[in-house]
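Work through the following exercises with the sequence and the 3D structure at hand. Each task is followed by a solution in steps.

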Amino acid sequence: MAQAEIGLIGLGVMGANLALNIAEKGNKIAVFNRTVERTREFVQEAGALSDQVIGCETIEEFVAAIRPPRPIIIMIKAGDPVDQQMALLKPYLSAGDIMIDAGNANFRDTMRRFDALKDSGLTFIGMGVSGGEEGARHGPSIMVGGTEESWKRVEKVLTSIAAKYNDEPCVAWLGENGAGHFVKTIHNGIEYADMQMIAEIYGILRDGLKMSADEIGQVFGTWNKGRLESYLIEITEKVLHVADPITGKPIVDMILDKAGQKGTGKWSAIEAQTMGIPATGIEAAVAARSISSMKEEREAAEKVLGLPAVAPLAVTDKAAFLKDLEDALLAGKIGAYAQGFAVMAGASKEFGWNLPMPTIARIWRAGCIIRSQFLDEITSAFTKAPDAANLIVTPAFAGLVKETDGALRRVVSAAALGGLPVPALASALGYFDSYRRGRGTANIIQAQRDFFGAHGFDRVDGADSHHGPWGSGLGG
Ligand code: NDP
């Protein structure tokens, strides 16, 4: 039997679908799973594609089945299992072979794994894969980090399986070591913010305007035909129209309001904080998921504090308010993406990756969870202004911010007055208002810091005085 072009370890949800996608695109693939029974099942279920699949029951057999230099995708539970699997695999590999971690790794683990293999003759790729089960099977968005040489070995297979946007494959080599996993992390952080802002708008429609799930679904359906067109808006419409088979009520009304998280949103916020780059939309979204998980505490607090004692949302012109909500969501989204791209620009400098911003926006246009027509506009904005300090000062997005931030302001104000929580939307407004203001208020903070800690300050006139005349209040 001819050797496989690539190998894959881990036939769980993502691995099995990725393997079928690889086989379907005409690439012979060797597969291995820790639990051997799963490998047998997988080969049986592969049907007509089984000709392209070499099911292996031992690591030795698996490695021998792949054409050297061997690219081996590891698609298993993230964290320690990846280190364990790499250690088991390593003794069987030869110079030039490439271990590819395609799970949701923390990019700092990817950097460590990359460095650990540096002098072994082996190499490592950290590969972010987005699109869930469906994307893995029919075309994910793929973010690759590793050496350029190792990318060349896998480029053909990955290009064949990636999602396509107007025939352009949604896969790219983004830089060395942790670049791919970092970009995937920020993708997920933006996804958190996008989902949270959709949830906040849903909250205004449900609790402020007292609309039913079906009615709200219709609103999202209309928006999906406009500038908000995206996978997340599309599935929001869909889920709102689905009935619970047990009670017949809308299924969303039967789902507990406790959101899970696996860590990528938190990692995005931590890395942004570490670099000193604001990512307030992502932070608000991570915090909102944490608050959502405190269900019992929230119910107890509602008993003590009650809901805010405010007048119900007063909307005289519903059509105009719905238009404001649509524009506010677009404005909030712009803020979250601008922050996400700014964090990537900071990391690119910090880790020497030279991340290609237009390419990142390009490979997110299809296959991944945040795919949308909006990303096409970001690709175009960064192509025209690759050195822009921030997405919102590129001509196209500056125009969009000016056009929509009035709606964002009205919606955030209405929600605040109506007692409805909109932390991510409010964070976007705060971000725009702070970022666009040449003279801020940190002068008072500098004065306070100098007063209590003699931290010094710069003067607006450039004169050479670094401490204030605070008298006896000056500390050490
Ligand atoms: P599953 O839970 O479906 O599958 C887990 C796989 O990991 C199984 O093949 C399992 O083998 C294997 N595994 C677990 N522990 C070990 C170990 N110690 N050594 C060897 N193999 C092990 O996970 P998913 O397919 O959903 O996720 C895989 C990766 O992809 C994760 O990193 C996830 O974060 C990431 N991801 C998931 C997405 C999704 O939508 N599900 C989207 C994008 C990325 P066994 O059968 O023997 O238990």
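Contact here means heavy atoms within 4.5 Å. Axes are lines fitted to C-alpha atoms, for helices over the stretch in contact, and angles run from 0 to 180 degrees between N-to-C directions. Helices (H or I, at least four residues) and strands (E, at least two) are DSSP runs, numbered from the N terminus. The model is predicted: local features need pLDDT of at least 70, side-chain atom pairs count only at pLDDT 80 or more, and totals for chains, interfaces and linings use all residues. Residues are numbered from 1 along each chain as its sequence is written, and side-chain values use heavy atoms, with hydrogens and water left out.

**Exercise 1. Describe the overall dimensions of the protein.**

Step 1. The secondary structure comes to 20 helices and ten strands.

Step 2. The radius of gyration (taken over C-alpha atoms) is compared with the globule rule, 2.2 Å times the number of residues to the power 0.38. The value is 25 Å, close to the 23 Å that the rule gives for 476 residues, so the protein is as compact as a globular protein of that length.

Step 3. Along its principal axes the C-alpha trace spans about 80 × 65 × 45 Å.

Step 4. Of the 476 residues, 51% count as buried, where buried means under 20% relative accessible area, exposed over 50%, and partly exposed in between (1.4 Å probe, protein chains only).

Step 5. Domain bounds come from an automatic or database domain assignment. That assignment gives domain 1 (6-177), domain 2 (185-435) and domain 3 (446-473). Between the C-alpha centres of domain 1 and domain 3 lie 57 Å.

**Exercise 2. Work out the strand order of the eight-stranded sheet and find what packs on the sheet.**

Step 1. Two strands pair if DSSP finds at least two bridges between them. On this basis the open sheet has the order 3-2-1-4-5-6-7-10, with mixed pairing.

Step 2. Strand 3 (53-55) and strand 10 (171-175) are at the edges; each has a single partner strand, so one side of each is left without a neighbour in the sheet. On average, neighbouring strands are turned by 25 degrees against each other, direction ignored.

Step 3. Strand 1 (residues 6-9) pairs with strand 2 (residues 29-32) in the parallel sense over four bridges. Ile 6 has Ile 29 as its bridge partner, and Ile 9 has Phe 32.

Step 4. In a regular strand the side chains alternate between the two faces of the sheet. In strand 1, Ile 6 and Leu 8 point one way, Gly 7 and Ile 9 the other way, and all are buried.

Step 5. Helix 2 (residues 36-45) lies across strand 2 and strand 3, at about 155 degrees to strand 3. Helix 8 (residues 179-208) also packs on the sheet, touching strand 5 (98-101), strand 6 (123-130), strand 7 (141-145) and strand 10, and its direction makes about 20 degrees with that of strand 6.

**Exercise 3. Which residues of helix 9 are buried, and what do they pack against?**

Step 1. In helix 9 (residues 213-223) the buried residues are Ala 213, Ile 216, Gly 217, Val 219, Phe 220, Gly 221 and Trp 223.

Step 2. These pack against helix 8, helix 10 (231-240), helix 11 (251-254) and helix 15 (318-351).

Step 3. Asn 224, in the loop between helix 9 and helix 10, is buried with a relative accessible area of 15%. Not counting residues up to four places away in sequence, Asn 224 touches Glu 229, Ser 230, Ile 233 and Glu 234.
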